[in-house]
Structure formats: structure tokens, C-alpha cells
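Visitor: I would like to learn how to read helix packing and strand pairing in a model. Please take me through one example of each.

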Amino acid sequence: MTEVRSEIAASVWKVMVEAGQTVEAGATLAILESMKMEIPVESPRAGTVTEVRVAPEDRVAEGDIIAILD
Amino acid sequence: MLQPVPETTSTDPGANDGTWQPEIAELHRREAMAHQMGGPDKIDRQHQGGKLTVRERIDALLDDGSFHEIGALAGRAAYGEDGGLDTFMPANFVMGRGRIDTRPVVVGGDDFTVRGGAADAAVWQKQVYAEQMALELRLPLVRLVDGTGGGGSVKSLDTDRRTYVPPLMGWHYAVDSLATVPVVALALGSVAGLGAARVVNSHYALMVRDRAQIFVAGPPVVARVEAEITKEDLGGAHIHGRNGVVDDVVETELEAFARTRRFLSYLPSSVYELPARGDQTDDPERRDAWLIRAIPRNQRQVYRIRPIIESLVDETTFLEIGAGWGRAAVTGFARLDGWPVGVLSSDPYQAGGSWTADASDKVARFVDLCTTFHLPVVHLVDQPGFMVGLAGEEAGTIRNGVRAVAAIHQTQVPWCSVLIRKVFGVGGAGHQSSSRLSYRYAWPSGRWGSLPVQGGIEAAFRAELDGLADDEARQARIAEITARMEAVASPFRTAEAFLVEEIIDPRDTRPLLCEFANLAAPLRHAGPTVHGYRP
């Protein structure tokens, strides 16, 4: 199990995956917005998304979980 | 703990031939005892903990066979009734001179196998001597810290029968060294109190993941005021690799030694020398074609800065410093046509590269480091400004940010800015000193101003916008004003007014940076700088 966390404080702009989906390493899981920039959260490895913890317009703090991979 | 004294030969042939051979034999016998450190059991425990002994560390760090030890004979001796040496416990700090890549250095390390590196087994003069030697001989200093390394133990009250005002023995040497010689400090075990201070009072601090912990005071002390906590939870790399207490976290001790050697390779032995030119291993005229598309045309899209840095500097010479903390700022050493330089930039993946409070702290320290050791600086600027928002305000961003800008204004090292994208706000304005001529080039992707157009319109046209009847009309007016403003945002309009000196093809950047390094080399001044270095 891998917890993919936000490296920054930001708002969630788009969520690109849903639970049950398989992803490749480097796939964009969500796109955050901070300082007017779109900042992708990328999958650290290939796997299956078991849970997505954020929705568009959520605020996330540094270290918050974005998604969980199995 | 006390070491049994090896048998001696009472029939030494030198005893009667007028030479000093008996004393030389005694010298070697005592040196051999020092080499036993805390004894086989303690050495086994050190190894089982995944750690090298201090002597193994020194050998691994230095050029082969180059260690010249000083003070091996210092320790606690016990004498028998016949006046002969009974047992000997070496001091728990091993130090001397040696070489790294053939250049002389001073190295000193705690011996955790002797009383866990604690003060009551110290001969504290040895530590002070190592610090003084590095400072006065103008040699880089490497501290191998594994223990409290000099701080007091409550136990000493039993033996001393008095208390004391805590001293910082020889600390002025350690502080003066920061303005004089490169100091690298490695946390190689659990280090508390003065040991932690000896790690941080340096130009480059490293810790080994899972093996090293750093704290003001360890779990037993903390348990008196807070909950019980493990050493790793209290002061592990996951904490201090993210907050700037150490510059970098490494996975093994050998990696720590390799990074130490590499860090020192960019620096002079002291501020009284200039950083030496290295081998010219890469074509200064190399123009990587992909740079013309390195910055996305979509201004909201981020990109990776590190491949750009690596493309511009001499191949494989970029040594990033502090990748794990203050991550909106990217800092490190590199070479341009062989000349060592400092490289400063931003990582757009980290809040657009906006300087946060901790990123600003990192920038200030890095610029001070380059200033101290006379490294010209290349600044690849993509700076949307200091971090805005409540979290940024609570972190005191403007205080740290302005410190970084002050460091940039105070430095006298040659400076070259390349405006690769954004230059906004005070953070952007502070990309170079306004007090002197700096090299400056802009890429066609450059965008700048006091405020980005997108954010500034609502503030600048508030009265007009507030007068509009509904939100639809408001959005329409914002779009209209935005289009008007964007039309004049072209960097060519700025260049017409000579407010930016040159717009260049990004592919020409490396040749221009190599020219900068070559022209900057004779402008560097050896000697101490006006502002001492603070850790």
C-alpha cells in the first residue's frame, strides 16, 4: 500500500483517477492549484488506486493524502 | 570498559644499547591500546547497529593511508602498585589531519564505543584542538558526530561535588571557522545537545537515515515534559531532512563520506584562497536543442527545473544541496567550463516555485555560503513572488524572504541572472542586487511585473468592477481587461525600454554562462568577507 501525499499546501483543481483504476508509474492522479500554477500529483509507482481522498476545490495541506495505491 | 594492557617484553634489546627503543615500544603499545577503542564487545555492538567505528569512518572518508592522528595517547590510565600502566581507556574523540582528493583536511570523530561518546570519557581539549587546528591552519574541517560529544552528564555531580555554569569550550573556534574554512558535519548516530549543535554549526550537515537522530535532548529528558517517544520519532531524518536542521539525508555512512568529498571539491581550503578550476570536461559551446521547448507555452503548466540546470552546467557536475527542505528553492554547486559556481533556482512543482519562509531561509544561507567561499552565482529565475496566503503569513514569509533578498544584495560575488519565466513581486524583484551590474539574460518565456495580470486586475480595477450590476458583467469586464493587459505582457516591449537587457535563445544559455564564469574568475576576491557566516 502506498499513500500518495501532497507535497504542498494547495487547492484541488482536478481529480484524474477513481478507485479501482490501474495506473502506471508517473501517471497524474490529481492536479493541484497553487500560486496560479497547475501542479500534477504523480503516481510514484504502477498499481491500483484503492481510494481517492480528495475532490475538486478541496484544500489540502502539505502531507495530506491524495490517493492510496495498492 | 578499561582495556587490559597487552604483555610487554621486559627484555627489550633497546634497553641497554643507549637508544630510546624501550620508550618507542611503549609508545607503540599505548597506540595499540588506543586502537582497541572501547573493546571488542562495544565494537561488535557498534557494527550490529549498522554503524562503523570512528577509525573505520576516518579511513573510509580520507584518501587511503593519509590519516595522521593527533592525541592517540590521551585517555584515562590506571597504574598498578609498581607504577606500571595497568589499564587504559582512550578518549572518546579521535582526530588528526588527513587528505581528501589530495588536499589536506582536519577530521575529528566521536568514539561511541567509549562511554557512548559522552562527556565523562572525553578529554575535551582534543575537540577544541581539532577546531582550533582547522581554523588556524586554514584547513577544511569534517566532524563525525556520534554521541553527545562533550555535553555534561548529571553523573558528574557525584564525582565533582559541585555544579557549574555550562561552558561552550572553544566554541569561538567553531564559530570563527564558519567564516574561514569549509566545515562539514555528519550525524552518524543519536546526537543530542552539544552533539546536535556541532552538527548544525557547519556549512554542510548530513544525517544517515534510520541510523542517526538529532535532538536538543533525547527521549528520556523529553519524557519528563511530554509523552514517551522513540529516538527516531523524536529526531529522525523524516523530521530534520524536511526542516533544514540538516542539509541532506543520506542512506549510508559511505554515501555521507562520498557527499562530503564532493561538497569540498567545489570549495577552496579556506576563504584566503579562491575556488580552483576543475577539469574542462564539457564543451562550453554545447547547445542542447530541447531547451527551446523547456518552458511550456501554457503559463499554468509546470516543468522540471533540474534537467534544465543539468543541461546548462558541465555534465554531471551539479551537486544539489538541500533537496529535501525549502523545496521551492533549488540550490547547489556546479561547474561551468570547469569553474565552480553556485546555482540558485526554483522548483515550479513546489507552489509554483514561490519562495516560502523555509525556501527563503535556504536561499539566504546558500547565498551566504557562496559569498563566504567566493563562488560566482547563476540564478535561473522563475519567481512568482513570496508565498501568498494565510499559511505563508503564519510562517513569517516576508521576514525570511527579505533576509534572502538582503543576502543577495550584500554579496559581492559575480552574479548572473537568467529570467526563464516569472519575475513577480518583491521576491522576483530581489533576484539580483539592484546596487551593481549583474549579467542578465531573459528567455522569450519571461513574464514579469509587480503582480501577475491574472491576480492584479481585481485589485487594480476594484472600483470599476464593483460598480457592475451582476457577476456575469463582472467576469466579462475582467476578461476584457485581462486581454488588454496580456497584449502588452510581451517581453519584447520590456526590451524596447531596456528594462530587460537581452532576450536570448534558450539554447545559447550555456555558452553565455561559460563566458560569464570565465569573465567572473578574475573578479573573485580571496579573503574574509564582511559578514561572517551564521549557521
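Guide: We take a helix pair, then a set of strands. This is a predicted model: local features need pLDDT of at least 70, side-chain atom pairs count only at pLDDT 80 or more, and totals for chains, interfaces and linings use all residues. Residues are numbered from 1 along each chain as its sequence is written, and chains are lettered from A and ligands numbered from 1 in the order written.

Visitor: How are two packed helices described?

Guide: By the angle between their axes and the distance between the axes. Here, α3 (residues 54–61) and α11 (residues 253–265) of chain B have axes that come within 9 Å and cross at roughly 40°. Angles run from 0 to 180 degrees between N-to-C directions, with axes fitted to C-alpha atoms over the stretch in contact.

Visitor: What does that make the orientation of α3(B) and α11(B) to each other?

Guide: They are therefore oblique; under 35 degrees counts as roughly parallel, over 145 as roughly antiparallel, 65 to 115 as roughly perpendicular, and the rest as oblique.

Visitor: Which residues of α3(B) and α11(B) meet?

Guide: B:R57, B:A60 and B:L61 in α3(B) meet B:E253, B:L254, B:F257 and B:T260 in α11(B) (contact: C-beta atoms, placed from the backbone, within 7 Å).

Visitor: And how is strand pairing read?

Guide: Two strands pair if DSSP finds at least two bridges between them. In chain A, 4 bridges join β2 (residues 10–15) to β4 (residues 28–34), and these strands run antiparallel; A:S11 has A:E33 in β4(A) as its bridge partner. β4(A) is also joined to β5 (residues 37–42) of chain A, antiparallel, by 6 bridges. There, A:I31 is bridged to A:P40 in β5(A).

Methods. Helix = DSSP H or I, 4+ residues; strand = E, 2+ residues; numbered from the N terminus. Contact = placed C-beta atoms within 7 Å.
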